[in-house]
Amino acid sequence: MCGVFGLACKKKYSDLNNPNIESYLSEGISSLRFRGPDFDKISEFEDVKSKIYFGHTRLAIIDINKHSNQPYSFDNLELTYNGEIYNYVELRNDLKKLGYEFKTNSDTEVLIKSWHHWGPKSLSKLNGMFSFAIFDRSANKIYLARDRFGVKPLFFFFEKEFFLFSSSASHIAQHTNSNIDDEYISRSLRYKVFETLDSESPFQDISSVGPGEYVIFDLSKDNITKEIFKWYDLESRVKARKDEIQSLSLEDIAEECLDILINSVNIRLRSDVPVAVSLSGGIDSSAISSIASKNIKNLEGFSYGSPNCNKSEGPIVSRFSKENQIKTNFIWPSYDKHDLEKMFEKTIAAQEAPFGGLSVIAQQEVYKNVKENGFKVLLGGQGGDEVFAGYRKFFLIAIRDSFKRRNLIDSIDFLYSFFRLLISEASFFKNYFVALNRYTSAGDKNKILSFKSSKLDLWGSKSLDFNARQIDDIQKWSLPTLLRFEDRNSMANSVESRLPFMDYRLVEFGLSISSNKKIKNGFGKWILRKATEGLIPDFIRLERKKRGFDVTSSWLADGLGEILIQNIMDNRGKVNQYIKN
């Protein structure tokens, strides 16, 4: 896990803007060092027309030897890469059979030699999270590529004589004088949808390589040209998997689900540094921890909560940890105003963009503790709710879909499940009604600020079936935002977050399963509960209540509210233009 950045320009641009280029490169090291504190380097290349700079800051996880440092060269290729290729062992064996020899045990060398042999077709062979730039000197082209679901960030700014790329949008914005994108802010305020499938960023004129895309920048002509290609299509993959499993029984589907999950966890345990797990008391993190504990002796976990506070996840996590012999570190300190201010400032700096709630600050504190305890890798359960329909909204979407299909049996079962859920979570009704505001189409204008967002239909068109609406959550309405929170908070603390539920095999499989196998008997994620029977205890597996980080509103009263108001007042000259008269 690392930071990547770079610049390519025509010689005439370089001659005129050399001070700006040097500033961009030097600040790239300093601004991305938290993503890769173990080593950094900038490589320079040039021909008669162009200059190219590749920068890298390394967080050493696999093959921590210096010979695996980046930028990494092989034959006519130069690579700067952020992420992990979990199936690098299998790919290396395939490449050895094709005649390739290896000097390191790193996934970096596997990646560059995979590209050398297969080119962009190698992307579909990769199982991992990644964003990278490859310079092909023989073709005088630079490729920017990103993983299937956009787990790892990659931004760029492009003009005809130069372009910049970086793991950080704000790093680019500082050198291009890019303004804030009002539409991004408006949508974020109204719908809490910060990131989507679109190639966007919080700044005007700064784009993101889209999930499952690669971009070619051709330097061989007088002006640099750009082409975008889609290398992964989730919808077609889900359709193909539906056809493959349609004849399977519930038991067969549950068995295959568990097999994929176990493999997804196990290949994410490949590491030359210590690995820990995140524990929330829910089925996702508990399944991951149970599988990991069978492979790692004295496994450690991290949980936001206290074993002595029933309002937190602590008591459930404590009971689970003892039964599975997992040493769990509980994060549940009391904060004064000074502590809250430090937490807020670190989180907003790490995120480089707005975020929608206090839980993001709590997540930052978890990763801070992971680092302080000497871990560089943490396995988490992000993605399970989107893939296996764990959110409450999916009950209503399933009811709508079954009515549309005129399937009486499913309709009755989904209604029964929904009412069972309401009964079990009656104490959360107030939170439900607050959350529902995001899903109403009215009130697109902000009551205080002069932002007006384009209207979004977070329920999804009535023409969408259940699985298609799940795909929307994966690609647009839910997961991209959560992945941004996860990546920025983990990397701000030089910790690599690994997410087994984001394994593309599990995502495709989970999305291909019919709704009546995911919502049943008052439960969401029913097929996952069925698959993990015997793996995790029933007091977790059969729990209907769903909770996230238990962050209380006392933080606002304890000083955070005052800090936010003071921040606004201190910057009122900039804020006034956005406040309604």
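## Salt bridges within and between helices

In this predicted model, the side chains of D473 and R469 meet in a salt bridge, with 2.8 Å between N and O. The two residues stand four places apart in helix α16, which spans residues 466-477, so about one helical turn separates D473 from R469. Both D473 and R469 are buried.

The structure holds 33 salt bridges, and another of them joins the side chains of R237 and E508 at 3.3 Å, N to O. Because R237 belongs to helix α6 (residues 234-245) and E508 to helix α18 (residues 504-512), this pair ties together parts that are 271 residues apart in sequence. R237 is partly exposed, at 31% relative accessibility, whereas E508, at 3%, counts as buried.

## A buried pair and a network

D385 forms a salt bridge with K525, and the closest N and O atoms of this pair are 2.9 Å apart. D385 lies in helix α12 (residues 384-388), while K525 lies in the loop between α18 and α19 (526-531), so the bridge ties together parts that are 140 residues apart in sequence. D385 is buried, with a relative accessible area of 12%, and K525 likewise counts as buried, at 5% relative accessibility.

Salt bridges also link R35, K152, D487 and R488 in a network. In general, side chains of opposite charge can pair when their charged atoms come close.

## Charged patches on the surface

A patch of negative charge on the surface gathers E251, D252, E255 and D259. Of these residues, E251 lies in helix α7, which covers residues 250-267, and E251 is partly exposed, with a relative accessible area of 48%.

A positive surface patch is formed by K342, K346, K368 and K371. The elements that give two or more residues to this positive patch are α10 (337-351) and α11 (359-372). K371 is found in helix α11 and is partly exposed, its relative accessible area being 44%.

## The surroundings of L79

L79 is found in strand β5, which runs over residues 77-85, and L79 is buried, with a relative accessible area of 0%. When residues up to four places away in sequence are not counted, L79 touches F54, Q70, P71, Y72, T108, L111, I112, F132, A133 and I134. L79 and S264, which are 185 residues apart in sequence, are 26 Å apart in space, C-alpha to C-alpha.

Technical notes
Residues are numbered from 1 along each chain as its sequence is written. This is a predicted model: local features need pLDDT of at least 70, side-chain atom pairs count only at pLDDT 80 or more; totals for chains, interfaces and linings use all residues. Side-chain values use heavy atoms; hydrogens and water are left out. Patches are made of residues with over 30% relative accessible area and no salt bridge: like charges are joined within 9 Å, nonpolar side chains (Val, Leu, Ile, Met, Phe, Trp, Tyr) within 5 Å. Accessible areas come from the Shrake-Rupley method with a 1.4 Å probe; for residues, only the protein chains shown count as cover. A salt bridge is a side-chain nitrogen of Lys or Arg within 4 Å of a carboxyl oxygen of Asp or Glu. Lys and Arg count as positive and Asp and Glu as negative; His and the chain ends are not counted. The place of a charge is taken as NZ of Lys, CZ of Arg, CG of Asp or CD of Glu. Buried means under 20% relative accessible area, exposed over 50%, partly exposed in between (1.4 Å probe, protein chains only). Contact means heavy atoms within 4.5 Å.
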